[in-house]
Amino acid sequence: GRVDEYGYRVTNRFALSSSDRLASEWREGDLIDFHVQDVFLGLDLQHHVVLRQRHFLETMRHFGVTICFVVYDLLPVLLPSSFPPGTDAGHAEWLKAVTSFDGCFCISNAVADELSHWVSAHGEPRYRPLAIDWFHLGADIENSAPTSGMPGDANSVLERLQGNLSFLMVGTVEPRKGHAQVLSAFEALWRDGVEVNLVIVGKAGWMVDHLTESLRSHVMINKRVFWLEGISDEYLERVYAACDCLIAASYGEGFGLPLIEAAVHDLPILARDIPVFREVAKDSALYFSAANERELCDALLDWLKKRQDGLIPDSINLKYLTWSESARQLINCVKKLCN
């Protein structure tokens, strides 16, 4: 059905088999049924759907259904200048809606802390406290279905990456990821004669037109700076193997999957010192705090010296969950809420 139709509807397209009980008892497109002590868990970030279906959710709650949602991050309200105008207002409206129900399960302890603070400052009055809990996302990358394909220049790019120390950034090119500051820091290194490469893997996002133009026309493009926009998993695997350090420069994250990808490839990590990166990587990374490119340049030089002295922590010890373990953590959050 359409978003503005009343209620959530059944789909059997994802049933495991034709003998599945739900598939046999419920017809495609039927309005979902609900009973006392059921749990409704909203897994997707769907601002407009939750707001349009708020009355239906409140009806379910009135009949004894526990209503809870997964919260991935608060970034649009915490870093509004990193998102298109109006994103913060939309996200705040969604947060007010989901926090008016029974429970919110965040994808990291750091996000749970941020949500608790936000609810204290902006949440709607309520008669009983909101349950806020957290779990970690899964990251068993080996069991995913990787894409394949290598562009014609892949081997020459990989040779150049292996020819010098190469630092890697992975993720959509958007303001909060810190690409602009990192590029400026590397430009300072290159001016000082430091022969290092910067590799950026990720498609262009929003509000980065000036940065992407600078990258594409950069004097060092395909010499010292490499921007690989839409590459396959096969190519990314080779890039991870060719590089020497992952830079996680985000000013804010919900979780930080590239840290785990780096650990899977035994790639050292240099991360911005934000709570969620400390939570995910613990002692398996080095951290920096940099208000400007000069401070980041100093942090990079410090990393290079530590590497020379054998003082770089081994990321392979970083602990992470499989998706099955992540699901069990989430189920435990639900159980705690309902007990």
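**View 1. Phe40 of strand β1 and its bridge partner in β2.** In this predicted model, Phe40 has Ile67 of strand β2 as its bridge partner. The two strands, β1 and β2, pair in the parallel sense over four bridges. Strand β1, which comprises residues 39–42, has a covered face formed by Phe40 and Gly42, whereas Val39 and Leu41 make up its uncovered face. In a regular strand, the side chains alternate between the two faces of the sheet.

**View 2. The open sheet of four strands.** The strands of this sheet follow the order β1-β2-β3-β4, and their pairing is parallel. Strands β1 and β4 stand at the edges, where each has a single partner strand, so one side of each is left without a neighbour in the sheet. From one strand to the next, the twist averages 20°. Within this sheet, β2 and β3 run parallel and are joined by four bridges, and Phe69 stands opposite Cys104 in β3. Helix α3, residues 54–62, packs on the sheet and touches β1 and β2, with a direction that makes about 130° with that of β2.

**View 3. The packing of helix α5 against helix α6.** Two packed helices are described by the angle between their axes and the distance between the axes. Helix α5 (residues 87–98) and helix α6 (residues 109–122) pack at an angle of about 90°, and their axes lie 11 Å apart; the two helices are therefore roughly perpendicular to each other. Ala92, Leu95 and Lys96 of α5 make the contact with Leu115, Trp118 and His122 of α6. Of the residues in this contact, four are nonpolar, one is polar and one is charged.

View 4. The 14 residues of α6 should span 20 Å at 1.5 Å a residue, and the end C-alpha atoms of the helix are 20 Å apart, which agrees. The buried residues of α6 include Ala110, Val111, Ala112, Leu115 and Trp118. Among the elements that cover the buried residues of α6 are the strands β2 (66–71), β3 (103–106) and β4 (131–134), together with the helices α4 (75–78), α5 and α12 (275–281).

**View 5. The open sheet of six strands.** Here the strand order is β7-β6-β5-β8-β9-β10, again with parallel pairing. The edges are taken by β7 (225–228) and β10 (286–288), each of which has a single partner strand, so one side of each is left without a neighbour in the sheet. The twist from one strand to the next averages 25°. Strand β5 (residues 165–170) and strand β6 (residues 196–201) run parallel and are joined by six bridges, and Leu165 has Val196 as its bridge partner in β6. Helix α10, residues 233–242, lies across β5, β6, β7 and β8 (245–248), and runs at about 140° to β5.

View 6. Leaving aside residues up to four places away in sequence, Ser82 touches Pro175, Arg176, Trp206 and Met207. Ala263 belongs to helix α11, residues 257–264, and counts as buried at 3% relative accessibility. With residues up to four places away in sequence again not counted, Ala263 touches Ser315, Ile316 and Leu318. The C-alpha atoms of Ala263 and Leu246 are separated by 9.5 Å, and these two residues are 17 residues apart along the chain.

Terms used
Residues are numbered from 1 along each chain as its sequence is written. This is a predicted model: local features need pLDDT of at least 70, side-chain atom pairs count only at pLDDT 80 or more; totals for chains, interfaces and linings use all residues. Side-chain values use heavy atoms; hydrogens and water are left out. Axes are lines fitted to C-alpha atoms, for helices over the stretch in contact, and angles run from 0 to 180 degrees between N-to-C directions. Angles under 35 degrees count as roughly parallel, over 145 as roughly antiparallel, 65 to 115 as roughly perpendicular and the rest as oblique. Contact means heavy atoms within 4.5 Å. Ala, Val, Leu, Ile, Met, Phe, Trp, Tyr, Cys and Pro count as nonpolar, Asp, Glu, Lys and Arg as charged, and the others, Gly among them, as polar. Two strands pair if DSSP finds at least two bridges between them. The expected span of a helix is 1.5 Å times one less than its number of residues. Buried means under 20% relative accessible area, exposed over 50%, partly exposed in between (1.4 Å probe, protein chains only).
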